Amino acid sequence: MSGRLRLLAGPDLAAGAESLNSHVQRLGPLPSTGKALVEVIERSGLTGRGGAGFPVGRKWRFVASHGGATMVIVNGAEGEPQSMKDRVLMATRPHLVLDGALVAARGVAAKQVAIVVGEGHTQAYAAIAAALAQRPEPVLRQARLLGAPARYVAGESSAIAHFVGEGVARPTSRPPSPHQSGLLIQNVETLGHVALIARYGADWFRSNPTVLVTAAGAVTAPGVLEVTQQTSVREVFGLAGGGPRPIKSVLFGGYFGAWSHADGAWDLPIEPAALRERGLTLGCGVVGFLHDAGCGVCETARIMRYLATESSAQCGPCFFGLRALADATGRIAERGTNPDDLARLRRWSEEIGGRGACRHPDGAVMFLRSALDVFGTDFANHPPHWRAKVA
Amino acid sequence: MSSDQVLRIDRIRCDGHGLCAEMLPELVRLDDWGYPIIAPGPVPKHLLAHAQKAVAGCPVLALALARGTKTPR
């Protein structure tokens with residue numbers, strides 16, 4: 001297994017952005033697809049790779065049948081701190097992303113393309129800008145390239161639409177959802193797969209779907225891998241060079257994800273159905289490893305603090321609720337466990353979910369509930385310490 | 001008997017004034033920070049008039065009645 005199967009195949013990633021020439025020579029010219037591609041994408045079973053995992057074909061069908069799209073928005077905000085895969089794809093295979101944007105625009109009859117890249121991802125931004133200048137297609141020559149603020153919720157789809165439309169990278173109330181307003185928003189990895197499906201077809205994709213994952217935490221070589229969905233967590237760990245110590249728990253999907261005991265997860269394939277059975281999702285593709293000397297409570301407290309500060313402070317239950325959850329988790333981590341905070345965490349994590357304009361609070365409480373589940377005994381017996389970061 | 005209406009809150013508009021919980025305690029309670037938690041499901045018929053008053057009473061127009069049977073997010 002190479003870890004670079006389809007999207008990342010081709011020249012060495014360290015060489016930076018692949019040129020248009022090399023891209024076309026390697027993959028062949030982009031076929032002139034039109035609206036018929038919607039059906040091909042539907043058949044391919046491709047799901048969105050930004051985190052929510054929504055079926056791409058169904059989204060295109062919805063947008064196309066509701067008056068068509070006005071704009072395709074390429075989402076390369078990648079606000080998830082542990083995820084690297086979107087910026088690596090943009091920095092090394094920019095033309096694959098642009099191909100995907102182009103055929104998506106043709107598929108849903110959109111006249112405009114906007115590309116949003118996270119502000120800190122300078123290499124990715126430069127690669128996309130340079131690649132755009134090499135493209136002859138009018139819709140790409142006229143495409144807007146924007147740098148999104150480096151905030152966690154800036155990548156949420158209504159926030160992306162808000163940002164492209166009005167320059168404010170904050171989520172908006174639904175309805176209408178961006179897709180009801182004629183905006184087709186897709187993650188950059190999703191569009192990379194679209195570009196390959198446009199060339200090789202739905203059956204080719206279905207035969208062996210791949211996914212970009214970011215291996216993070218207690219591994220020797222953290223970073224981006226492209227693997228098949230049949231790859232087990234054990235194999236991901238191996239491909240990332242293994243680690244110095246045995247792994248105790250695995251965080252699937254990054255900060256918007258869920259913890260799992262390593263022994264239960266070790267032989268699980270990172271495939272949507274198998275993960276869903278365990279109440280897990282791969283989300284944005286982060287597989288985080290915590291080794292046996294790490295402290296799950298302290299790690300959780302750190303992440304809850306981050307999620308609380310990343311609330312866009314628009315909805316009360318999210319702004320106040322996540323801060324209270326972070327405070328209570330932090331008190332347990334710092335001063336030791338106490339029954340009052342434990343009871344509050346349980347009650348608040350039931351009350352806060354589903355009560356924001358976007359799903360930021362939902363993700364935060366889902367993450368916390370998984371931590372209370374997996375590190376239950378640690379939460380109940382946590383000594384007053386705040387361990388130095390171990391993973 | 002339940003109606004075909006559900007209560008919907010615009011979470012961005014809502015500032016936690018809490019009038020809805022005063023006017024419609026049967027369906028709305030407040031969390032620890034004063035923001036409403038709505039009982040799931042459609043508004044029962046006998047509470048519909050009260051729900052309409054609560055909607056009209058919201059000082060920031062964040063509360064609305066919408067057709068449907070499932071409580072929207």
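Tyr200(A) sits in helix H9 of chain A. In this predicted model, Tyr200(A) is partly exposed, because 16 other C-beta atoms lie within 10 Å, and a residue counts as buried at 20 or more and as exposed at 12 or fewer.

## Helix H2

Helix H2 of chain A runs over residues 37-44, and its buried residues are Leu37(A), Val38(A), Val40(A), Ile41(A) and Ser44(A). These residues lie on the same side of H2(A), because they cover an arc of only 160 degrees around the axis. In general, an α-helix has 3.6 residues a turn, so residues three or four places apart point the same way.

What covers the buried residues of H2(A)? The cover includes four helices of chain A, H3 (56-65), H5 (94-107), H9 (188-200) and H10 (202-207). After H2(A) comes Gly45(A), with a positive phi near 75 degrees.

## Helix H8 and the strands

Helix H8 of chain A (residues 157-166) is mostly covered, with seven of its ten residues buried. The buried residues of H8(A) are Ser157(A), Ser158(A), Ala159(A), Ile160(A), Ala161(A), Phe163(A) and Val164(A). They pack against strands of chain A, namely S1 (71-76), S2 (112-118), S3 (144-148) and S4 (183-187).

Just after H8(A), Gly167(A) has a positive phi of about 80 degrees. The loop between H8 and S4 of chain A also holds Pro175(A) and Pro176(A). The peptide bond from Arg174(A) to Pro175(A) is cis, with omega near -10 degrees. The bond joining Pro175(A) and Pro176(A) is cis as well, and its omega is about 0 degrees.

Helix H4 (residues 85-92) and helix H6 (residues 122-134) of chain A pack with their axes 7 Å apart and at an angle of about 35 degrees. Their crossing is left-handed. H4(A) contributes Arg87(A), Met90(A) and Ala91(A) to the contact, and H6(A) contributes Gln123(A), Ala124(A), Ala127(A) and Ile128(A). By class, the residues of this contact are five nonpolar, one polar and one charged.

Which way do H5(A) and H6(A) cross, left-handed or right-handed? The crossing of H5(A) and H6(A) is right-handed, at roughly 65 degrees, and the axes come within 9 Å. On the H5(A) side the contact is made by Pro94(A), His95(A) and Leu98(A), and on the H6(A) side by Ala127(A), Ile128(A), Ala131(A) and Leu132(A). This contact has six nonpolar residues, one polar residue and no charged residues. Ala127(A) and Ile128(A) of H6(A) take part in the contact with H4(A) and in the contact with H5(A).

Glu78(A) is a residue other than glycine with a positive phi, near 35 degrees. Glu78(A) is placed in the loop between S1 and H4 of chain A. Is Glu78(A) buried or exposed? Glu78(A) is buried, because 30 other C-beta atoms lie within 10 Å.

Ala109(A), in the loop between H5 and S2 of chain A, also has a positive phi without being glycine, with a value near 60 degrees. Ala109(A) counts as partly exposed because it has 14 C-beta neighbours inside 10 Å.

## Domains of chain A

The domain assignment divides chain A into domain 1 (13-207), domain 2 (210-291) and domain 3 (296-380). The centres of domain 1 and domain 3 of chain A, taken over C-alpha atoms, are 32 Å apart.

Contact between these two domains involves ten residues of domain 1 of chain A and six residues of domain 3 of chain A. On the domain 1 side, the residues are three nonpolar, three polar and four charged.

## Contact between chains A and B

How many residues does each chain give to the contact? Chain A gives twelve residues and chain B gives ten residues. Helix H15 of chain A (residues 316-335) supplies four residues, the largest share of the chain A side. By class, the side of chain A that touches chain B has four nonpolar, six polar and two charged residues.

Conventions:
Residues are numbered from 1 along each chain as its sequence is written. Chains are lettered from A and ligands numbered from 1 in the order in which they are written. This is a predicted model: local features need pLDDT of at least 70, side-chain atom pairs count only at pLDDT 80 or more; totals for chains, interfaces and linings use all residues. Axes are lines fitted to C-alpha atoms, for helices over the stretch in contact, and angles run from 0 to 180 degrees between N-to-C directions. Helices (H or I, at least four residues) and strands (E, at least two) are DSSP runs, numbered from the N terminus. A crossing is left-handed if the near helix is turned anticlockwise from the far one by less than a right angle, and right-handed if clockwise. Two residues are in contact if their C-beta atoms, placed from the backbone, lie within 7 Å. Ala, Val, Leu, Ile, Met, Phe, Trp, Tyr, Cys and Pro count as nonpolar, Asp, Glu, Lys and Arg as charged, and the others, Gly among them, as polar. The arc is that of the directions from the helix axis to the C-beta atoms. Domain bounds come from an automatic or database domain assignment.
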